[in-house]
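Welcome! Let's take a friendly tour of a protein model, starting with its sheet and ending with its core.

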Amino acid sequence: MSLIRLIEEARRQRDFNLFSQAIPYARFLGIESRECDGQLHGFLHYRERNIGNPAVPALHGGVVGAFLETTAIFQLMWQRETASVPKTINITIDYLRPAGPRDTWARAVVTKQGRRIANVAVEAWQESPEKPITTADCHFLLAAD
């Protein structure tokens, strides 16, 4: 199935996880997209192979960063209702506390969207949204539809 048809089907079924599961990298890391109360959330399944520091233990910072970036991209695609994938210009990640060995949630908010550039803020948590483990500010180049 083409990317455009896959995204259209995900929107029709209101299940963007159809799209995330079609991306091998997202499947490998255990990233899903879930709709919660009308809002798209990222979900990272705990997997032992995602542990970066077994002494703590904590999820690898690269896994957490990839999860935030993926959540931001999915939010932009869902909100813009387009099949074009935004290109990352830059991403600034603030690691606030260790990401323990458990499932992780994320939420992305498009803070500004122009014709060519979009700014997205993302935060991830494990125990409670009020206690984020990581935040990110992302800038994306938007392809013309």
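How many bridges join S5 to S8, and do these strands run parallel or antiparallel? Eight bridges link S5 with S8, and the two run antiparallel. Keep in mind as you look around that this is a predicted model.

**The sheet**
- Six strands make up an open sheet, and their order is S1-S2-S6-S7-S8-S5, with antiparallel pairing.
- At the edges sit strand S1 (31-36) and strand S5 (87-95), each of which pairs on one side only.
- On average, neighbouring strands of this sheet are turned by 25° against each other, direction ignored.

**The nonpolar core**
- The largest nonpolar core contains 36 residues, and Phe16, Val120 and Val122 have the most contacts inside it.
- At least two residues of this core come from each of several elements, including helix H1 (3-13), helix H3 (24-29), strand S2 (39-44) and helix H4 (61-80).
- Strands S6 (104-113), S7 (117-125) and S8 (132-141) also each supply at least two residues.
- H4 gives the most to this core: 11 residues.

**A closer look at Phe16**
- Leaving aside neighbours within four places in sequence, phenylalanine 16 is in contact with Ile7, Ala10, Ser33, Leu40, Phe74, Met77 and Trp78.

Key:
Residues are numbered from 1 along each chain as its sequence is written. This is a predicted model: local features need pLDDT of at least 70, side-chain atom pairs count only at pLDDT 80 or more; totals for chains, interfaces and linings use all residues. Side-chain values use heavy atoms; hydrogens and water are left out. A nonpolar core is a set of buried Ala, Val, Leu, Ile, Met, Phe, Trp, Tyr and Cys residues joined through side-chain atoms within 4.5 Å. Buried means under 20% relative accessible area, exposed over 50%, partly exposed in between (1.4 Å probe, protein chains only). Helices (H or I, at least four residues) and strands (E, at least two) are DSSP runs, numbered from the N terminus. Contact means heavy atoms within 4.5 Å. Two strands pair if DSSP finds at least two bridges between them. Axes are lines fitted to C-alpha atoms, for helices over the stretch in contact, and angles run from 0 to 180 degrees between N-to-C directions.
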